[in-house]
Amino acid sequence: MRFSGKRVLIVGASSGLGAAAARAFAGQGAALVLVDRDAAGVQHLAATLPDATAIAGDATDAATVAAATAGAVDILIHTAGIDPLSATDVPGTSLDDWQAILAVNLTSAFLFARAVLPGMIDRRCGTLLFTGSIAGLKPTPNEVAYSVSKAGVIQLMRAIALDHARQGIRANALCPGFLESVMADRKGAMTADALAARSEAAAALVPLGREGRYAEMAALAMTLCDDAVSGYITGQSIVADGGMMLA
Ligand SMILES: NC(=O)c1ccc[n+]([C@@H]2O[C@H](COP(=O)([O-])OP(=O)(O)OC[C@H]3O[C@@H](n4cnc5c(N)ncnc54)[C@H](O)[C@@H]3O)[C@@H](O)[C@H]2O)c1
């Protein structure tokens, strides 16, 4: 199997992309450490997989980072993210929302990278996969803090790729467009009508005419973390958006 003997840390594993990645990597023999603030969700997911440890906690907390990175990590996938509806353009973004979005989407990625890199440097191998967004490449209207956080993640990834390439470490970012579900922190705040309108808007805006599937993102994540396939790819933002960036 592709990831036998590999220990994979997934941050933001309870739902969406992270949960799909957990299932996909588990199916290819990986041992998993799964982190999420949704304690019931991450514990339930870990219990359904053959070799998975759940760490329930906030991905911005030093204690969570320390608990999750206590052993060797071969592959880090950071996909925890928030995009609250309350944060819009600059005048419409509170300082609290700005700081929360930056903390989860960017600072947490830095904290986990900082924790796993020394071990990877010692072993002279390791792969980091961050979750950007097309919002990090081209701002999404009325999502300033989210767009800035994703641009920051992409530049964090590029800096790590550059600084640690000679130590056998690769870093890349997966940059989705519209995925099949809005993020968990938005879903609860949206009516059924608003969710349906979002799906219709996605279908209209995406040249391929549909939202991306989490299973597709998980398969791409495996490709980007598999040295046999992507061992010469580092520092890249891989856009998976059904062609949205073309329009
Ligand atoms: N859904 C989309 O359309 C879309 C589009 C582009 C990019 N993305 C990015 O993909 C990634 C995954 O998105 P998703 O659709 O799977 O979202 P999701 O909300 O389903 O999953 C995110 C997970 O992160 C967890 N999380 C959030 N804040 C946390 C914190 N402080 N500590 C620990 N866990 C925390 C949530 O509980 C959740 O399980 C995100 O980084 C998102 O920005 C999503």
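1. The model is a predicted one, in which local features need pLDDT of at least 70 and side-chain atom pairs count only at pLDDT 80 or more, while totals for chains, interfaces and linings use all residues. Residues are numbered from 1 along each chain as its sequence is written.

2. The ligand is surrounded by 27 residues, a residue being near a molecule if its C-beta atom, placed from the backbone, lies within 6 Å of it; the closest are Gly12, Gly16, Ala59, Gly81 and Ala184. Both α1 (16–27) and α6 (184–187) supply at least two residues of this shell, and α1 gives the most, with 3 residues. Helices here are DSSP runs (H or I, at least four residues), numbered from the N terminus.

3. The axes of α1 and α8, lines fitted to C-alpha atoms over the stretch in contact with angles from 0 to 180 degrees between N-to-C directions, come within 8 Å and cross at roughly 55°. The two helices are therefore oblique to each other, as angles under 35 degrees count as roughly parallel, over 145 as roughly antiparallel, 65 to 115 as roughly perpendicular and the rest as oblique.

4. Residues of α1, among them Gly16, Leu17 and Phe25, meet residues of α8 that include Tyr214, Met217 and Met222, contact requiring C-beta atoms, placed from the backbone, within 7 Å.

5. Arg210 is found in the loop between α7 (192–205) and α8 (214–225). Arg210 is exposed because 12 other C-beta atoms lie within 10 Å, where 12 or fewer means exposed, 20 or more buried, and in between partly exposed, with C-beta atoms placed from the backbone.

Definitions and conventions
Two residues are in contact if their C-beta atoms, placed from the backbone, lie within 7 Å.
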